[in-house]
Amino acid sequence: MSGHIVSVKLYLGIFVALLCLTALTIRVAYIDLGAFNTVAALAIAVVKMLLVVLFFMHVKYSGRLIQVFILAGVLFLAILVTFTLADELTRHWSPTPTGWGIIVPLLSRLF
Amino acid sequence: MTVHSAHPPGFAHQFEDMEQQREAGSLGMWVFLLTEIMFFGGLFASYIIYRALYLPAFEIGSHLLEVQFGALNTAVLILSSLTMALAIHSAQVGKRRAQVWFLITTMILGAAFLAIKFTFEWHHDYIEHLVPGFGFIIRPEWGAAGQHVPMFFCFYFFMTGLHALHMIIGIGLLTVLTVMAHRGRFTPEYYAPLEVSGLYWHFVDIIWIFLFPLLYLIGGRYIGGGH
Amino acid sequence: MSTATIDVHEAPAGSHVNYLNAKYGVKSWLLTTDHKRIALLYLVSITLMFFVGGFFAVLMRLHLIEPQGALVQPETYNKLFTMHGVIMVFFFLVPSIPATLGNFLVPMMIGARDLAFPKLNLLSWYIYVIGACFTLYAVISGGVDTGWTFYTPYSSSFSHTSVIPTALGVFITGFSSILTGLNFVVTIHKMRAPGLTWFRLPLFIWAIYATSIIFILGTPVIAITLFLLGLERLLHIGIFDPAIGGDPILFQHLFWFYSHPAVYIMILPGMGVMSELVTCFSRKKIFGYSFVAFSSLSIAIISFLVWGHHMFVTGQSIYAGLIFSVLSFMVAIPSAVKVFNWTATLYKGSISYDAPMLYALGFIGLFTMGGLTGLFLASLATDVHLNGTYFIVAHFHYIMVGGAVMAYLGGIHFWWPKITGRLYPDGWARFAALVIFVGFNLTFFPQFMLGYLGMPRRFAVYPAEFQVLNVMSSAGASILGIGYLIPLIYLTWSMRYGPAAGPNPWGAKGLEWTTPSPPPTENFEEIPVVTEDAYDYAHSTVTRV
Amino acid sequence: MIGSLQFGWDFLCFAAIQAPQLRPEAASSIAEGVDHLYFALTFITLFFTFVIFSTILFFMVKYRRRAENERPPDTGEHLGLELAWTIIPTLICAGLFVWASSLYFENSRPPSASTEIFVIGKQWMWHIQHPEGVREINELHVPLGVPVKLTMTSEDVIHDFYIPAFRVKKDVLPGRYTSLWFQATKIGTYHLFCAQYCGADHAEMLGWVYVMSPADYEAWLAGGSTSQSMQQAGEAIFNKLGCASCHLSDGTGRGPSLVGIYGKEETLKSGDKRVVDEAFIRQAIVNPNSVVLAKYPAIMPTFQGQVTEEQVLQLVAYVKSLASEERKTDAK
């Protein structure tokens, strides 16, 4: 993986792309997209992260093992966020149905 | 005792060959970066939760930060990532002087990032009484959401502070590397320490890539604000 | 019972150059990068912490003999159970098997000369010692009384005891287990001997690999949580402070996100040791190798999804409670699969009752009880009644003391000839196993009853009707305390006077048994090439030698 | 064999000493259901422990090592067995989960017509307030057979209101309301514990729950209520703090009319709908910005720090009383 030598031209190209994306994310922030502002900002950040990871950190040329490890890290962070958020946001849901007929309406409410 | 065949310098006895040692080194650093992801992850998760609970207060707090310094810092860090990558590249092709210069530039850019962060942003916030625990004043014009604005600034200082701490560790690492590079320690066959520190530096840059939009650009900066 | 025939064709232990006598002097031990010596450094420091924590436990049980408390003031009792919890969990159980047996055996079992990063391994031990010093300083400087869970807002703004030194100690020691986990993952991935594919690895390596995954993904989260707790205590402002809208439940979420996988850090290596012991002493290949191996991994992964069952009664949302309850039931399945597979391994075997095997059988019995009582706490309705009572104390002691400590002792006895080159007195070892089993049951079985009757945990004084059960539990605790002292005595005795052990006193399979005992510093003359499957007793000619 | 002897001896000596006390008193409507689930789980635990123990004993005796050079044959893998002991425990767990969760769901929803009692946990004591104005410390008098709903909050750290005989328990959190309900089915006196560690005298934070027949309860209530009811106290604070200036009863004020608002489902500015319960009212008083109604501007100042927890409870009781007045007028 590290044996692979990346050309300087590619590095400069990635560098310029990252600067443009930074400018883009600021520019987008000045347009009122309501809730989509956050989605846009995060999407641009993810793209920038992928550029740095794949090219500057040579993950594009390294084996699948490291790629699996990175995905595992992100997945377990997602677990922490989603489960904690699931609790915080649904605390005020009152348990409406009772008795055996509980699981079906419950699942419909969840999905 | 097995006789060591003529291995290049820096070969550790417990490995079979250089290739195994290099792969182990980079896998080890990636596993360490995994722990860093979870370390920052705890903070990011709490941030996301409180942002979901107190969005108006977070928007007020975010608007109090100057975007231009945040943007400048992002550009500085991306440039330092480039110079770090070029330093590794010059080690791969064996240009010693280029290595040293690129490493020094990366360190200067890191120091510039910290200078902008501490003097223009943190000091400015201190004067404006925005540092929770050190004379934070809730301003009446924030309205009802003012009660939770200190929460935003808790996150602002915890996250940027932890990131700055990692920057300082990174700069320390780079000084050691510059000395080693100056002595010509890194050859096209053996440059693992340089490469591993490069991974760490790029990771610190990625953390800032996520910090910048999350802290500075909440709900958009247009005149009307995010309400 | 066949007597172990030891024909000493090998020179007596210690005469040929091995890792113990290769170098002498304190510097050779304190600056060693040999994974075997670091394992012994850990063994000494962990045993010390075990007896410090155990001493607090004995004081607690003596105090609880009388309803109004027989020994100390309530404040002191609160410090006792806190320090017992902190020291036992973070300084004994989490590092116990991975740092001692894991450090010693992982390179030898996979046919490597040392771990991937030996200097990092030594650094991990120093980080552990520095963390331990901070926590022992906290003990001396008046103790801490927040419970090992450090729940805010009590720990952040209401407790006036030395919370910060303890939190700092645990924070630092967390990095020791992170670096150990990192070392193991890289070593197991990159440094296996030629021919040693993943499915020929001993199951102890699978278990240590699964534990390392939890080390890497879980420990940083408690590091950041305790870091935030320290900040909140110092600056009186923080994200858990209800005054500025902070949510103490969020602290519990972040704390249990690590601490539940941490209980699997404690039990998974024990399961790995069990697979080694059961196969060796019934001289049979493990039943369902791939099932046992994958159940280790699935336990490691599902353990990250279940932490909410610690918070069913904290006003957690009912729907989140449902999700956590389903997943908590699911995490019990791989453990059940393992127990069934061990039992099936004994079928048609040739079982010998050496001391390690007694610890193994005790483990299976007690771990089954511990695991099944976990179902009471995974089901929402009964958890409402049992949460925060002695039922929970009994449940996790059955898993940690009945499971992890029994497996730890079984492992220490099984590999003791390899580590020290000496045999311990087998009679005494079997007697100690029996005493520990009896003492343990008498201590913790009555606590299930106490829990169901509703006696809350962490109570310095309790209503009189619970006294009989508490006295039984305290009686059991004294037997257990003596039971743990016996191995300390005869094992240290055996280091000096025990008969020399051959390279393979149990006739076990595995690369570590192909080296002389104690092994040379670089483990193998030539890196072995592995051709046969793990535990292939049926076709091998290995005998007790 | 050691294990089973040990268990036997353990059980015998325990049963001998404590024969009557094997099971805590069941004094609430849900206690029977929880106990049935508990006994089912106990049976499963003992059954599986016994199965595994006896199998191991049998194998240990039958296949003990008779000669040193024995080479037992390899018994290989058996997929059917593996699937069996994976699927069967999964089914058992699924069954237990559905049983436990539906029981938990039923127990978590208080019947609508339950009497309200307010509880404030403070470091090492329980303040209990009945709407009629009676205040108690570490004691709770409840009528027999009437569902009782407790609305609880804490003034400092996390406590936990636990009555073993009723099989109910709920954490009491600072800065939030948590609620718990039960319906007593047996007259008597029962323990009240704090089940979440809360400091030095956590073990002293005990109390007693007195279940009385409805007649005795009324008599006790009448005798005890010297001070004004919570409702009147709430009204006094409502006027003193100037809430009436915005929240006019005819709805023409800058704030919403509070008459009949309790129990209604309101849509917030953020779009989601929430039922106005005690927690909603408390949040509106302490952190108004998080529960701004759709049609009203976010101008209500926060009263955090100006009102104690007790006064907030009184305001909640007053706002709820507005609702019942309106329903009374409809009923006429």
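Me: What percentage of the 227 residues in chain B is buried?
Reply: Buried residues make up 53% of them. Buried means 20 or more other C-beta atoms within 10 Å of the residue's own, exposed means 12 or fewer, and partly exposed is in between, with C-beta atoms placed from the backbone. Keep in mind that this is a predicted model, where local features need pLDDT of at least 70 and side-chain atom pairs count only at pLDDT 80 or more, while totals for chains, interfaces and linings use all residues. Residues are numbered from 1 along each chain as its sequence is written, and chains are lettered from A and ligands numbered from 1 in the order in which they are written.

Me: How many helices and strands in chain B?
Reply: 6 helices and 0 strands. Along the sequence the pattern reads α-α-α-α-α-α. Helices (H or I, at least four residues) and strands (E, at least two) are DSSP runs, numbered from the N terminus.

Me: What does the C-alpha trace of chain B span?
Reply: About 75 × 30 × 30 Å along its principal axes. Among contacts in chain B between residues at least 6 apart in sequence, 74% join residues at least 24 apart. Two residues are in contact if their C-beta atoms, placed from the backbone, lie within 7 Å.

Me: How many residues go into the contact of chain A with chain B?
Reply: 38 from chain A and 40 from chain B. On chain A, helix 1 (8–29), helix 2 (36–56) and helix 3 (64–89) are the elements that give two or more residues. Helix 3 of chain A gives the most, with 12 residues.

Me: And which classes are on that side of chain A?
Reply: The side of chain A that touches chain B has 29 nonpolar, 6 polar and 3 charged residues. Ala, Val, Leu, Ile, Met, Phe, Trp, Tyr, Cys and Pro count as nonpolar, Asp, Glu, Lys and Arg as charged, and the others, Gly among them, as polar.

Me: Switching to chain C. How many helices and strands there?
Reply: Chain C has 16 helices and 0 strands. Its radius of gyration is 23 Å, close to the 24 Å that the globule rule gives for 545 residues, so chain C is as compact as a globular protein of that length. That radius is taken over C-alpha atoms, and the rule is 2.2 Å times the number of residues to the power 0.38.

Me: What else on chain C, say its span?
Reply: The C-alpha trace spans about 70 × 45 × 45 Å along its principal axes. Buried residues make up 68% of the 545 in chain C. Of its contacts with a separation of 6 or more, 85% are between residues 24 or more positions apart.

Me: Where does S141(C) sit?
Reply: In the loop between helix 5 (118–140) and helix 6 (154–158) of chain C.

Me: Is S141(C) buried or exposed?
Reply: S141(C) is exposed, with 12 other C-beta atoms within 10 Å. Leaving aside neighbours within four places in sequence, S141(C) is in contact with S162(C) and P165(C). M108(C) is 33 residues from S141(C) in sequence, and 42 Å from it in space, C-alpha to C-alpha.

Me: How many residues does chain D put into its contact with chain C?
Reply: 78 from chain D, and 81 from chain C. Several elements of chain D supply at least two residues each, among them helix 1 (2–18), helix 2 (31–62) and strand 9 (188–194). Helix 3 of chain D gives the most, with 15 residues. By class, that side of chain D has 40 nonpolar, 21 polar and 17 charged residues.

Me: What is the strand order in the open sheet of chain D?
Reply: The 5 strands run 3-2-1-5-8, with mixed pairing. Strand 3 (135–137) and strand 8 (178–183) of chain D stand at the edges with a single partner strand each, so one side of each is left without a neighbour in the sheet. Two strands pair if DSSP finds at least two bridges between them.

Me: In which sense do strand 1 and strand 5 of chain D pair?
Reply: Parallel, over 7 bridges. V119(D) stands opposite M152(D) in strand 5 of chain D.

Me: Which domains does chain D have?
Reply: Domain 1 (115–224) and domain 2 (230–331). The bounds come from an automatic or database domain assignment. Their C-alpha centres lie 25 Å apart. In chain D, 10 residues of domain 1 are in contact with 9 residues of domain 2. On the domain 1 side, strand 1 (115–122) and strand 5 (147–154) of chain D are the elements that give two or more residues.
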